[in-house]
Structures are given as C-alpha cells and as structure tokens.
Amino acid sequence: MTISAADAPLDPQSTEILAATGLEYRLVTGDAFDGFVTAVDRGFNGERASEERVRAWRENLDGTERSVGVYDPRSPETGTPVATVMSWLMDLTVDADSFLPMWSISEVTVAATHRRRGIARALLGGELRAAADAGLPIAGLTVSEATIYGRFGFGPAAHTVSWKIDTRRAGWVGPRPTEGEDPGRLDHIEREQLAQDLATLNERTRGSRPGDISGWPLLWQELAGLKPGKPDPKVRGVRYTDAEGEVRGVVAYTVETNPEDFAKATIHVNALTAETSDAYAALWRYLLQHDLVGTVITGLRSRGEPLRWMVADERAITVTERDHHWLRILDVQRCLGARRLRVAGSATFVVSDPFGFAEGTWRLEVDDAGAPSVEKVDDGTASGSVARLGVAELSAMLLGGVTASTLRAAGRVDTDEETARWLDLAFLPITAPSLSYWY
C-alpha cells in the first residue's frame, strides 16, 4: 500500500460540527497518546492501563495509524479525550486471493458523560470522508454494539458463531491425520513460537477466507498470551506438522480447571488456524479428546465449519451466532469489481447512501468467465433487472454472506424474484465469510 491513514488530514466538516458544541477535534500524537489510551479503556469499561501497556502500545505503532480524539476544554481532565477513534489500512479478502485496501476503524468510544451530543456521528462521518478522500474503496470495523453502524452505511458482511462442545457426548468420526502411513504430528510450542506461527499461517491462508484481514504483530502476541503489560501464562500452543515437516496448523488455547470434578476441565480456544484439512482435523481432534476435559468453548468461527461433520453427535454442540465484521462500501466500482462472480448476466443497482459516496445507479455486467464490469449510468436507464437498496445492504451482500433473496424477503431490497435469484447465484462466496479476530 502506498497510502497511510496517518497522512489523512482532519475532516473540516467534523471539526466545524464539534466546534459548534464547544468541543475540539484533534489528531493524537506524542505524549497525548497516554490520555487517548485512558479514554479507550474507560470507554470499553476496562481497567486502567499500566504504564507498560501504554508504552508497548505506543511502541507497536508503526506511524501509519491515525488516532483522533475529541476534547472538552471544560473538563477537569483536559488531557483525556471524551471520544476516540483509531484507523489504519489493512487488506480485506473479498474473494479467492482477491483483496481490497480497507480503512479499518477501531477504538470508537464516547464518554458516558458526553452521550447524545452528535459526537459519534461527527467521528464516524469524519472517518468515512477521510477514507473516501484518500481513495479507499471500503471501510470496516468489528462492533461491540450492533445498532449503531447501520445509520452510517455499514452492513454486517461476515457473521460469526461461538461453539460450546460437550466432549464426552461429541465423539469423533473425522479423519485421523496423526495415524496411519506418513502421519503428521502434533507438538507443544512456546508462546513466542505460537505468535510467529499464528502470523505466518494467517498470511498463508487469509486469501481463502472472504472477510479476513492481514492482521498486525500485536494481535498475534495477544492471542499467544504475550500482551504487553498483561501477559497470560495460561495460554498454550500446539502446532500440526505434515509428513514433510511443514507447519500446517496451530491452535492457541487455555485450560480452566473444574474444582468440583478435575476430569471436566474447560478448554477455551483463542485461535485456531489450519492451512490443510489434515491440520484442521488433527487440531480439533486433539482438543476434543484432550485428557481431563469435558467442554471445549470457541468463538469467532465460520458458519461453515467442517467440524460439525467430524463429531458423532452434532447435538453435543451448542451454537450461538451473531454479527461480527461490518463493511461499508465507498467505491461501488472497485468493490464489486473485486468479486469473482459465479454466473454470467447483468443487473442494475440503484443505491442510496446517506453520505453520498455510493449514491447512484450502477450497471453490473458479468461475462462467461465470471469477470465483472461496473459502470455508473444515468438514473433514467435503470430498467430490466433492477435492485433498489441502501449502501448498507449492498455492503452486507458484497462477500456473499447474505443473499439478495433474503434481503428482499426482509423488505431491505426492492427487486423482482428473478433478479434476486440471479444475484444469489452470482454472489455465492467460495466459503462462508468469516473473521476470527477483533480489531
């Protein structure tokens, strides 16, 4: 990437909106970052950050991030913002080995003392305008509250599931890659190696998972229990190596003992990444057949997990689904053009956008090879296969995580049944969109 979020100037419109309410909209640099971290921890109801954590966070910044704070000059803590947002650029997987640079938004907080003043709208509007001005085609975030971001044009593009598995009931009928001829092997690894393996395997596999991201060094450290200022010595790591000695999978997890029955401990999976089906099967079998364990709990998994078909009793699994990765299209041509669509044909999208970035009528043509071409056309040419929808709905459809027919039935897309069915087929994903991390 040749651009950086740090190069984007503050949005003049947001500056003016906030100034009208007596607030200051500022870039956070230098020593002001300490107050920024305090505000973020307070905003997410966390404990006060240690000096070590603040220092490590600052040291892990590479200069491409953009931290923005809203300050109240009347506050007794003038160095601590009353609202925060941080942004940087990451690659987003859109289709098989097809990526888009994404304006990644994080650390969005507004102090409880300053709610209902339009601060969040000014912050998010400023981020979207900055991203669009910088030429980014899409913005994304993972959310703690699901009702906020639709009004800004974000749509839930990748859902996630959490699993709670009764290991005694589940059984195992899947492959056994560590047995037979030319078996692979499982080995415990230290946390430093675990962080390296998580980063390496994510880089090798993210191109096959729509909705996934490129990640960053501090993420792998935290998953491996090496979070600066708050390490977790309980984190364990196991890797799978194939018969040729190549590392193909890794899992990070903790074990919670059960004082009432030491044979019924609980494993909590922090992350599991597998490059091959053998690695996937070997790691899950290891977890489900672990000695003295009665329950395995894992979150942020895909809707399409093969594990469901590897256990003898599917009813041993309790599944909870929720929204997770929200995307916001800024450039319709580039976003739709990054997809590899499954059937030839054409459709016209009439898109509404409260901020105007994606507003307009867009003609999508797909050739026999599945290659799309997208052009903006006059509103009066919208005829035939037409879908009228908001940018939030188009953003939710982008990766194929929700079908046009579903949104049509929900009253979120206005189109005819034939067009909806064609869009369903055209936007089929290579696998269920997913993201196994927060950002």
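I began with Asp97, which is exposed, with a relative accessible area of 55%; the word exposed stands for over 50% relative accessible area, buried for under 20% and partly exposed for what lies in between, with a 1.4 Å probe and protein chains only. I noted that the model is predicted, that local features need pLDDT of at least 70 and side-chain atom pairs pLDDT 80 or more, while totals for chains, interfaces and linings use all residues. Residues are numbered from 1 along each chain as its sequence is written, and side-chain values use heavy atoms, with hydrogens and water left out.

**Positive phi**

I looked up where Asp97 sits and found it in the loop between strand 3 (83–95) and strand 4 (98–110), where helices (H or I, at least four residues) and strands (E, at least two) are DSSP runs numbered from the N terminus. Most residues other than glycine have a negative phi. Asp97 has a positive phi of about 50 degrees although it is not a glycine. I found a positive phi again at Asp182, near 45 degrees, in the loop between helix 5 (167–170) and strand 7 (185–189), and Asp182 is exposed at 65% relative accessibility.

**Val413**

Leaving aside neighbours within four places in sequence, I listed its contacts (heavy atoms within 4.5 Å), among them Ala387, Leu389 and Leu407.

**Aromatic rings**

I searched the whole structure for aromatic pairs and found 11. Rings of Phe, Tyr and Trp (its six-membered ring) pair if their centres lie within 6.5 Å, and planes under 30 degrees apart count as stacked, over 60 as edge-to-face and the rest as tilted. One of these pairs, Tyr149 with Phe154, is edge-to-face, at 6.1 Å centre to centre and 80 degrees between the planes, and both Tyr149 and Phe154 are buried. I also noted that Phe33, Phe36 and Trp57 form one aromatic cluster.

**Charges over rings**

A charge sits over a ring if NZ of Lys or CZ of Arg is within 6 Å of the ring centre and within 35 degrees of the ring normal. I found the charged end of Arg26 over the ring of Tyr71, 3.7 Å from its centre, and Arg206 over the face of Phe99, at 5.1 Å from the ring centre.
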